[in-house]
Amino acid sequence: MSELRAHAPRLAGALCLWAALVLWGSDAIDFYSSLTTLPLRESAQIYRLCVTAAAAPFMMWPFLVRSRRLAFWLPLGAMLGGAAVLAMTQALPPAAGARVKPAPMALVVPLPTPAQTPSAVPGPDAPPPRGATAP
Amino acid sequence: MTPETRARLSWLHRWAGLVSSWAIYTMTLTGTLAVFDTELTRWMQPQTATVPARSMATPAALEQARQMLAQDDANGLPPAFLRLPGPRDPTLRIERFDGHAFSGPVLDPRDGHVITAPRTEGGTFFFDLHYSLRVPRPWGQRLVAAFTFVFAIELLGGILIHLARVIPDYFTLRLRAALPRFLLDVHVLTGTAVLPFHVMVTYTGLILAAGNALPVLGRAGETPPPRPTVAAHWAPTTPLAPLLEQTRALSGHEPEHLRFSPGQVAVFATRPGSLALDRVSIPFDATTGRVLGPPAGPGAPRPDLAQQATALAHGLHMGRTMEPTLRWFWFVGGLASTAMVATGLLFYTARRRASAASGPAVVFERLNAGVLTGLPCACLVYLYLNRLAPPAGPAWPNVEVGGFFATWLGCVVLSSLVAPRQGWRAILAGIALMGLATPVLDMATAPDARAEFSTSFGLFAGVDGLCMLAGIVAGAIAVYGPRLGRARHGKNRQGHAPAPAEASHKKAGP
């Protein structure tokens, strides 16, 4: 338990770094889409492809630095900075270029009859059959 | 790397492993089985063995399928998928998603008659357990994404810890060392032997789960507004055979499945023998059969870089479009991942047992026995129930799935009630018996054993052989595992000094 207490700031730092990735990533996608004509959905796909590979080493950083304070406060700062920027961008009106692209092949299903259970009706987010990519 | 950094990484590796290893063990074992999910489904529907391999869907069979879809539509059922015959499964299937898996009637592709096969989730059950742990959407996927993240961190931590000793560890397996040392050797060996596979499958898994692992917030995370749900007919009225012909001509690949929505039929074709899941979709008018748009998707003439990268990640992780030999490599790699996770857990309990003979360590050891041995036992029970339990109509898949979880729970309860060694032996003996008896079960319950031999010998012999292999391995562990452990403890009880390997391990730690 004492070990856990000793490593708690580093653990919290790792979680803050994950949150920072999410927040700054959301900011970056929003910003990039406002500059280009690329839809938000595709910007998010590119961002995730790039960041996924770097996320695990990034989150391990608090366990690699010597200073426990640095391991906690720097990720916390990064997370709060990302949250602040996101809050500011949400307050501004959306840029003209930014748009949400509708799903190209969303399934439009008939209204379920009383005999059907809700789980039996595949919604637009229902996965394609066995390993198919998302529609 | 300084000793302090190494100690911190060891702590992270150990505790991240302890917190997530049961879930990761489940994910790795079921993911390994899901490599052959189509084959398992066919084994669980032996009636389909009468269909010759490499059968093609005839226009008559497609027309029969279209009429069945129209009947479903008239009855108010939701849209279905039509899965076409392929190299791994020569049958024609109308599949519907039930929240966990795809199942539905099976048709003979030669004439379209319905094959009276049991309605089962088949191998897709393992696929579902792998990517959602059977937890309802979207929480299951979120949970799996979190565990994948933890696994990536564990893997990276393990690599950094063992970086200086990768080459020596690669050639180290001390069979006669103390039990913890032996387990650590197996853990490191299974980790380093197929390290590129572990890295590849973890990172491609993270990319697949990125929607949940790295959510996008704010305006960028807004989901597109759902299309208005209208009561519209989705079944096509145009004949399906010409659509498949046009797809072959436009994409150059064999069509794989069809999806239906009001007014539209999308035909999907996949490039075979490829590492990437290069899928092309071509939309058709459901009434006239006219092409509505150009081919789209990663396999289309000009896909963008992101599409190509995502298709490569999907293809590498799932191995669906690979040749069978490569898929076997994926299966062996998955088994190595499973062994790595299991031996890591066992190493922890064996090491704790050496220092504490009671308390939480013993409880954890008992639960470990139940979870680790209970899962393969439950997988075998799942196959046995498919063949032995009487057909129960639409609720049939629930019997198999219920039996699977009841067995797993039963194993955990059993191992927590008896001594750890007895728990291990009892469950492993059960696995050994069931595994070795699987070919007998197959022969005894197959409706047409001759057809199995003539049309799909490799498939049925492969599944039977793997079950037998699991039985042999479980039997060997049941017989030799405790004997080895007892020998080590006996030596120590007699007051002899611990073996040099054990002593050095106690000094160094993992």
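Student: Okay, how many helices and strands does chain B have?
Tutor: The secondary structure of chain B comes to 17 helices and eight strands. Keep in mind that this is a predicted model.

Student: Got it. And what share of chain B is buried?
Tutor: Of the 510 residues in chain B, 54% are buried.

Student: Which residues have the most contacts inside the largest nonpolar core?
Tutor: Those are B:Trp43, B:Tyr382 and B:Phe404, in a core of 64 residues. Helix α13 of chain B, residues 360-388, gives the most to this core, with 13 residues.

Student: New topic: which residues form the nonpolar patch on the surface?
Tutor: B:Leu275, B:Leu312, B:Leu326 and B:Phe329 form a patch there, with about 350 Å² of accessible area together.

Student: Where is B:Leu312 found?
Tutor: B:Leu312 lies in helix α11 of chain B, which covers residues 305-318.

Student: Why does B:Leu312 count as partly exposed?
Tutor: Because its relative accessibility is 39%, and partly exposed runs between the buried cut-off of under 20% and the exposed one of over 50%.

Student: Last one: how much accessible surface does chain B have?
Tutor: About 21,900 Å², and 67% of that belongs to carbon and sulfur atoms.

Key:
Residues are numbered from 1 along each chain as its sequence is written. Chains are lettered from A and ligands numbered from 1 in the order in which they are written. This is a predicted model: local features need pLDDT of at least 70, side-chain atom pairs count only at pLDDT 80 or more; totals for chains, interfaces and linings use all residues. Side-chain values use heavy atoms; hydrogens and water are left out. Patches are made of residues with over 30% relative accessible area and no salt bridge: like charges are joined within 9 Å, nonpolar side chains (Val, Leu, Ile, Met, Phe, Trp, Tyr) within 5 Å. Accessible areas come from the Shrake-Rupley method with a 1.4 Å probe; for residues, only the protein chains shown count as cover. A salt bridge is a side-chain nitrogen of Lys or Arg within 4 Å of a carboxyl oxygen of Asp or Glu. Helices (H or I, at least four residues) and strands (E, at least two) are DSSP runs, numbered from the N terminus. Buried means under 20% relative accessible area, exposed over 50%, partly exposed in between (1.4 Å probe, protein chains only). A nonpolar core is a set of buried Ala, Val, Leu, Ile, Met, Phe, Trp, Tyr and Cys residues joined through side-chain atoms within 4.5 Å.
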